[in-house]
Amino acid sequence: EMKPFKSMNDIIKKAEEIGPKTCVVAGSYKESEVEAALIARDKGMIKPIFIGDPELKNKFPSLNEDEVIGEESPLEAAIKAVKFCSEGKGDFLLKGSISTSHFLKPILCDEYGLRDAPLLSHIVILDIPGLGRLIAITDGGMCITPTILEKISILNNGVNFMHSLGIEEPRVGILSAIEMVNPKIGNTIDASIIEKAANRGQIPGCIVDGPLAFDLMFSDYACEVKGINTPVCGKVDLILVPDITTGNSVAKALIHFGRALAAGVILGTKKPVVMLSRADRPEIKLNSIALGVVLSGSDRSGVQ
């Protein structure tokens, strides 16, 4: 029985404990992802392999010869990195300073065998000061306006991921603006169908409630006032959002104004895939690398 992770610090401690894992950095052409990976290396979390700028060794004297593989072409760098992971030479993949489309192309390509689920999705975990548990938001990074079937795939990926963090039966809230079903707000219909499917055992390993407005996910007071009394209300672990804009904005609002610590990964692959935004602060990059280490060390890598 795995003890659930309660904070970002738990994840970092675990990564230091089970590391070093081999982290393949796809497309290292800029300083920022190299710096984050070197901090992780010096903390004993990873052994990095940078695929990209052949001159990297000159820019970072602390790099070892065997840590750099020169490749001028960003797409080729991504292909090499994905092959490394699918051939078992790497434990997880980290996106360097290449475009998302270059990075995802070989991951989505069946030829290289890294894809594992019908749909790839993005998940971000947040450690919000004072909450006392980690929460996750999906999908604010990959699927733009998912259909109901895609939402169910995103949810399955997310639930497997929560299991790999030791959260055995995550409480899932499906986000909307209201908690009633209103056909004028299409996502409330999707939410109620997904909840029904979950209640019928079609989405195992979680408890689902929706539609829920954001305050009902975290405020017992709001649940009381609105007369909603479910096991999920006020106690959400995983938020399923209606579209990429909502997921992206809620996560960023919590990071910028809620002082949340964050980490993000792509789900639906055989090996963990960490995709950082270039605008992520160094600590978010380090947290995400730590998450990649923890996922690559867990029996269920959060991906099925």
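Patches are made of residues with over 30% relative accessible area and no salt bridge, with like charges joined within 9 Å and nonpolar side chains (Val, Leu, Ile, Met, Phe, Trp, Tyr) within 5 Å. A salt bridge is a side-chain nitrogen of Lys or Arg within 4 Å of a carboxyl oxygen of Asp or Glu. Accessible areas come from the Shrake-Rupley method with a 1.4 Å probe, and for residues only the protein chains shown count as cover.

This is a predicted model: local features need pLDDT of at least 70, side-chain atom pairs count only at pLDDT 80 or more, and totals for chains, interfaces and linings use all residues. Residues are numbered from 1 along each chain as its sequence is written, and side-chain values use heavy atoms, without hydrogens and water.

**View 1. A nonpolar surface patch.** Val181, Ile189 and Ile193 make a patch of about 240 Å². Isoleucine 189 sits in helix H7, residues 186-199 (helices are DSSP runs, H or I, of at least four residues, numbered from the N terminus). Isoleucine 189 is partly exposed because its relative accessible area is 33% (buried means under 20%, exposed over 50%, partly exposed in between).

**View 2. Histidine 163.** Helix H6, residues 148-164, holds histidine 163. Histidine 163 is buried, at 12% relative accessible area. Its C-alpha atom is 9.3 Å from that of cysteine 206, 43 residues apart along the chain.

**View 3. Domain 1 and domain 2.** Domain 1 covers 1-116 + 269-303, and domain 2 covers 121-264 (bounds from an automatic or database domain assignment). Their C-alpha centres lie 27 Å apart. In contact are 23 residues of domain 1 and 23 residues of domain 2 (heavy atoms within 4.5 Å). Zero salt bridges are counted between domain 1 and domain 2.

Note on methods
Helix = DSSP H or I, 4+ residues; strand = E, 2+ residues; numbered from the N terminus. Buried < 20%, exposed > 50% of the residue type's maximum accessible area, 1.4 Å probe, protein only.
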